[in-house]
Amino acid sequence: MSSGQDTESTRAAIAVIGGGIAGLTTAYRLAQRGHRVTLWDPSAQLGGQAAAFSVPGGHLEFFYHHLFMSDRAIVALIEELGIEDHLVWLSSKNGFFADGKIYSLAGARDLLSLPIIPFIDRLRLGFVTLFLQKTTPQGDRWKKFERVTAWEWLRRASGERAFDRIWAMQLRAKFGPRAEHVAMSWFWNKIYLRTQSREGLLGEEKLGYIMGSFNVLIDRLAGACREQGVDIRAGCGVNEIKQVDGDKPRFEVRDAHGRAEIVDRVIATVPSPVLLRLFPDMPEPYRSRLTSAVYQGAVCALLRLDQPLSDTYWMNIADERLPFTGIIEHTNFIGPEHYDGNHYVYVSKYVDWDHPYVTMSDEELLDEYVPKLQIVNSKFNRSWIQQHWIFRERAAQPIISLNYSEKIPAHQTPIEGLYLANTAQIYPQDRGTNYSVDLGNRIAELVDGDIARTKADRG
Ligand SMILES: Cc1cc2nc3c(=O)[nH]c(=O)nc-3n(C[C@H](O)[C@H](O)[C@H](O)COP(=O)(O)OP(=O)(O)OC[C@H]3O[C@@H](n4cnc5c(N)ncnc54)[C@H](O)[C@@H]3O)c2cc1C
């Protein structure tokens, strides 16, 4: 990291709003460059969507998390912070639940022997997957995927039978009524990136995990921020951002305790609608870009069981009787021996925010889930559940619609000195912790460059 601009003349007071991975990375990088950074987050627990909490036997993320081998920015940060001994890469036991049975789906060989569709369809599916894996993000070839929905492209390429049995169910499980509107660019990138986690196209997939939970990274990153002088105000969100009149960018940031801070730059790492709430006077057409950002929410149950539900880590669901997007049995990835013998299972559901699961009580949700889990494992019994938690996240997954690249709001808003860096700007890759680190690195460089330029221009 360059410290060439680390002089009093280029130091600025910077507000970072949001203490998720993007906010913490941004704050760290800007402080490394000599700026005076303050970071706010309403939650006492930093880390946003990637945060973990204490469970019997250790710590676990509120929402299941792993890394792909293509996640280079976060691995570089883990190494830079000296916590690489926590990072493990392990084979992932993937499965596919259909017709009341779990089929292993560890690689291309399993796909070719998946009996739920005829062999000719499997072969076709294999070619489609290979074609998507071979389309790289370099160059413009992938851009044709921006102009067609995944629904339409996959139906055409894979054929009706394979599409209905495999892809349609998964698109519906993740995007509900919006399944038919998601751009093929989103789907292609998911397939492409997963190839990068395999040793060879036919190879086994390896996934990464931070032993001790993602909190190990979050806590170390927050520690590194503090060592660089960042003032972290965890447990206190920002309520309002106001421009201060004058010949250079200046803002008043007012927090939930009513305290106001004057800063030269503001970087919001919150979802797009939240920025609009904090700064309602956003001019058009930028304003419309923020209001048109659409997110799927997530409702995620974490169950502590006294025995395993299955032998699969990541279970995709292609069975209409099950309302879930996926069942992720964490302890089939990182064994129960690391959690005092407890078995941990996430039951995940992506939802529109008006879905009944959002407002149902935790007990009602559990009543709804238990009989469905018995479809996955007929022996499963409610008495296996030793403890349960339900977590909800409103801006879990930005919906990537057609021609998305034309809809992304720029990092620099129309207000000089006010920036946005959030998951809806990650594209064509799908959101993820790696891309939030990358976002933090890039936004810090952009803001630092702008500060140096503004100061040079204004003498
Ligand atoms: C169910 C689920 C599973 C996932 N699985 C994976 C996975 O396996 N691997 C992976 O890499 N990624 C995964 N992700 C995605 C990953 O967690 C996120 O993409 C990433 O953590 C986003 O980080 P961020 O900092 O950009 O945003 P966020 O984590 O959303 O952070 C935004 C922060 O802003 C704060 N904030 C909100 N309002 C205010 C305010 N008024 N003032 C101040 N602060 C405010 C919030 O409290 C939050 O901390 C998953 C996400 C979900 C929901």
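Aspartate 362 is partly exposed, with a relative accessible area of 31%; here buried means under 20% relative accessible area, exposed over 50%, and partly exposed in between (1.4 Å probe, protein chains only). The structure is a predicted model, in which local features need pLDDT of at least 70 and side-chain atom pairs count only at pLDDT 80 or more, while totals for chains, interfaces and linings use all residues. Residues are numbered from 1 along each chain as its sequence is written, and side-chain values use heavy atoms, with hydrogens and water left out. The pLDDT (the predictor's confidence in each residue, from 0 to 100) averages 93 over the chain, and 97% of the residues score at least 70. Over residues 1-6 the pLDDT stays under 50, and the model has 10 contacts beyond four places in sequence for these residues, a contact being heavy atoms within 4.5 Å.

Aspartate 362 also opens the account of the charged pairs. Its side chain meets that of arginine 392 in a salt bridge (3.5 Å, N to O), the term standing for a side-chain nitrogen of Lys or Arg within 4 Å of a carboxyl oxygen of Asp or Glu. Because arginine 392 belongs to strand β18 (residues 385-398) and aspartate 362 to helix α12 (residues 362-376), the pair ties together parts that are 30 residues apart in sequence. Helices (H or I, at least four residues) and strands (E, at least two) are DSSP runs, numbered from the N terminus. Arginine 392 is partly exposed, at 28% relative accessible area.

Helix α12 also holds aspartate 367, whose partner arginine 382 lies in the loop between α12 and β18. Their side chains form a salt bridge at 2.8 Å, N to O, so this pair ties together parts that are 15 residues apart in sequence. Arginine 382 is partly exposed at 34% relative accessibility, and aspartate 367 is partly exposed at 43%. Salt bridges with shared partners join Arg155, Glu160 and Asp164 into one network. In total, the structure holds 22 salt bridges. One of them links lysine 143 and aspartate 140 (3.5 Å, N to O); lysine 143 is partly exposed, with a relative accessible area of 34%, whereas aspartate 140 is exposed at 57%.

Glutamate 329, in strand β16 (residues 326-329), is buried yet has no salt bridge. The nearest side chain of opposite charge, lysine 93, is 9.1 Å away; Lys and Arg count as positive and Asp and Glu as negative, with His and the chain ends not counted. Leaving aside residues up to four places away in sequence, glutamate 329 touches Pro308, Leu309, Ser310, Thr312, Tyr313, Tyr344 and Val345.

Attention now turns to the aromatic rings. Rings of Phe, Tyr and Trp (its six-membered ring) pair if their centres lie within 6.5 Å; planes under 30 degrees apart count as stacked, over 60 as edge-to-face and the rest as tilted. By this rule the count comes to 27 aromatic pairs. The rings of tryptophan 151 and phenylalanine 163 have centres 5.0 Å apart and planes at 85°, so they are edge-to-face. Tryptophan 151 is in helix α5 (residues 150-158) and phenylalanine 163 in helix α6 (residues 160-175), so the pair ties together parts that are 12 residues apart in sequence. Tryptophan 151 is buried at 10% relative accessible area, as is phenylalanine 163 at 0%. Tyrosine 339 and tyrosine 344 are also edge-to-face, because their ring centres are 5.8 Å apart and their planes lie at 75°; both tyrosine 339 and tyrosine 344 are buried.

A charge sits over a ring if NZ of Lys or CZ of Arg is within 6 Å of the ring centre and within 35 degrees of the ring normal. Lysine 144 lies over the face of phenylalanine 145, at 5.0 Å from the ring centre, and the charged end of lysine 174 sits 4.4 Å from the ring centre of tyrosine 350.

Most residues other than glycine have a negative phi, and most peptide bonds are trans. A cis peptide bond joins glutamate 284 and proline 285, with omega about 0°; proline 285 is in the loop between α9 (272-278) and α10 (286-291). Another cis bond joins tyrosine 427 and proline 428, with omega about 5°. Serine 213 has a positive phi of about 95° and is buried at 0% relative accessibility, whereas aspartate 340, with phi near 55°, is exposed at 66%.
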